[in-house]
Each structure stands twice: as structure tokens, then as C-alpha cells.
Amino acid sequence: MMVALVALAAFASGIVYCSFFEWTLHKYLMHRPLLGFRYAFRAHAQTHHRIFEYEETYSLQRDEDKTLVAMAWWNAPVIIAANSPVWFGAGMIAGLGHFTAYFWVGAVGAACSMVFYYALYESLHWCMHVPGHRWFSNSRWFKFLDDHHRMHHKRPMSNLNVVLPLADLILRTKAPGLPPVSRMATEAREAAGVS
Ligand SMILES: [Zn+2]
Ligand SMILES: [Zn+2]
């Protein structure tokens, strides 16, 4: 029972952490070169944002641009490995400073939350830019997140979260003006044949 609670706490805290990590990475690495490191800026701000804009071009227009929706495959292991001090720290907290079973439960729980968050990021981001018939396309939470990200493509320094806009809310980067955007998102979904 205690093990399950520790795992759950590590996973839940990891998800909250990921919202802030996503926000930081997106703002400081993907929308500006940082200390001469330009890869993420080129791949995201100068490529993804140039192809996918706010209005009709928010949705995929040309099949050959499909490769510009998701991040490169190797970004996932690099990002998760770069966060190893965080899941190690979560393990240390869970094990109260000792390498007990709770250490591993805490560390694995936190690491799993990062894998889960990253997988959700790529899946949701794909569904936002490549409309289609999906069981969740008309759900309120997906429409909300889709509108949230569409607004990011209009104002790149706002709405920096894709999965969980908690950091946007707390760090006050959530853009206002959802109603007209929401209407456009609905039109895009209708154009894609999703009622
Ligand atoms: Zn996007
Ligand atoms: Zn962006």
C-alpha cells in the first residue's frame, strides 16, 4: 500500500514538474538560441512555427510537412536522460536519503511521469496539427488544449504548454482571446471532416 502511494506521489509530482520543464524548454531553448545552442531554435521557431501558423496553416497543408510536426526521435532519450538528476532526486526524497526500495519506487515513478508526459506531448501535438477522426477530437479537454496551442502559434511567447497548461497559468503566460480562436479551431475540424 505504502509503495503504491509513494509511486503515485512520485508520478503526480513528476507530471507537475514536467509542465514547468516543458514551459522552460519551450521558452528558453525552442524560441531563442541559448548560449550559442541553436538546434532547438532552428527546428522549432524557425521551422515548425514557419510552416504551421495561426489560421488555416495551423493544420497540415502539404503531406511532405508531416516530418515537421514531431521532434526528432532522439530528442526523447536526450531530454529524459538530461532530467536524470530530477528522478534521482525524487528517489532520494522517497527513500529519505537511502537506496531502499522506496528510492527505486520514487525514481522510477518520476521517470515514468516524464516518459508519459513526453509521449502525450508528441501525440497531442500531432493531433493538433494533423486533424482527423479521433475518439477525443470533440472532447472539451482536447478542444481546449487545441485552442491553447493554436494561440501559441499566433503569440509564441504565450501558451507555452501543450499537455498541461499549469505553468502557463501560474507564470501568467496564458493568452486571453480564446473565443475567436475556438471558432477557427472548430472550422478547421469541420473542414477535416470531424463533426
Ligand atoms: Zn505546434
Ligand atoms: Zn513554440
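**Entry: Tyr118.** I started with Tyr118, which sits in helix α5. My helices are DSSP runs of H or I with at least four residues (strands would be E, at least two), numbered from the N terminus. Ground rules before going on: this is a predicted model, so local features need pLDDT of at least 70 and side-chain atom pairs count only at pLDDT 80 or more, while totals for chains, interfaces and linings use all residues. Residues are numbered from 1 along each chain as its sequence is written, chains are lettered from A and ligands numbered from 1 in the order in which they are written, and side-chain values use heavy atoms, with hydrogens and water left out.

Is Tyr118 buried or exposed? At 14% relative accessibility, Tyr118 counts as buried. The cut-offs I use are under 20% relative accessible area for buried, over 50% for exposed and partly exposed in between, with a 1.4 Å probe on protein chains only. I then listed contacts, meaning heavy atoms within 4.5 Å. Leaving out residues up to four places away in sequence, Tyr118 touches Met71, Ala72, Asn75, Ala76 and Ile79.

Entry: Beyond four places in sequence, Phe103 is in contact with Phe88, Gly91, Met92, Gly95 and His98. For Gly91, twelve residues from Phe103 along the chain, I get a C-alpha separation of 4.1 Å.

Arg38 is in the loop between α1 and α2. It counts as partly exposed, at 38% relative accessibility. With residues up to four places away set aside, Arg38 touches Pro33 and Gln46.

**Entry: zinc, ligand 1.** Which residues coordinate this zinc ion? I find His48, His125, His129, His149 and His153, each through NE2, at 2.1 to 2.2 Å. Donors here are N, O and S atoms within 2.8 Å of the metal (3.2 Å for Na, K and Ca), and because water is not among the atoms, sites may look incomplete. The donor spacing along the chain reads H-x76-H-x3-H-x19-H-x3-H. His125 is in helix α5 and His153 in helix α6, so this pair ties together parts 28 residues apart in sequence. Both His125 and His153 are buried.

**Entry: zinc, ligand 2.** The protein donors of this zinc ion are the NE2 atoms of His26, His31, His44, His49 and His152, 2.0 to 2.2 Å from it. Their spacing is H-x4-H-x12-H-x4-H-x102-H. His44 lies in helix α2 (residues 39–51) and His152 in helix α6, so the two tie together parts 108 residues apart in sequence. I noted His44 and His152 as buried.

Entry: I worked on a 1 Å grid over the protein atoms alone: a cavity is a set of points where a 1.4 Å probe fits but cannot get out, a pocket is an open set with protein on both sides within 12 Å along at least five of seven lines, and lining residues have an atom within 4 Å of a point. Points are joined across faces, edges and corners, and a volume is the space filled by probe spheres set on them.

There are two cavities of 30 Å³ or more. The largest cavity holds about 210 Å³. Of its 15 lining residues, Phe21, Glu22, Ile79, Tyr117 and Tyr118 are the closest to its centre. Helix α1 gives the largest share of that lining, six residues.

The largest pocket comes out at about 430 Å³. It is lined by 24 residues, with Tyr39, Ala40, Met71, Asn75 and Ile79 nearest its centre. Here α2 gives the largest share, five residues.

**Entry: packing.** Last, the nonpolar cores: sets of buried Ala, Val, Leu, Ile, Met, Phe, Trp, Tyr and Cys residues joined through side-chain atoms within 4.5 Å. The largest has 22 residues, and Leu124, Met128 and Phe142 touch the most other members. Its largest share, seven residues, comes from α5. Leu124 touches Trp141, Phe142, Leu145 and Val163, not counting residues up to four places away in sequence. A second, separate core of five residues includes Phe52, Leu60, Val69 and Val130.
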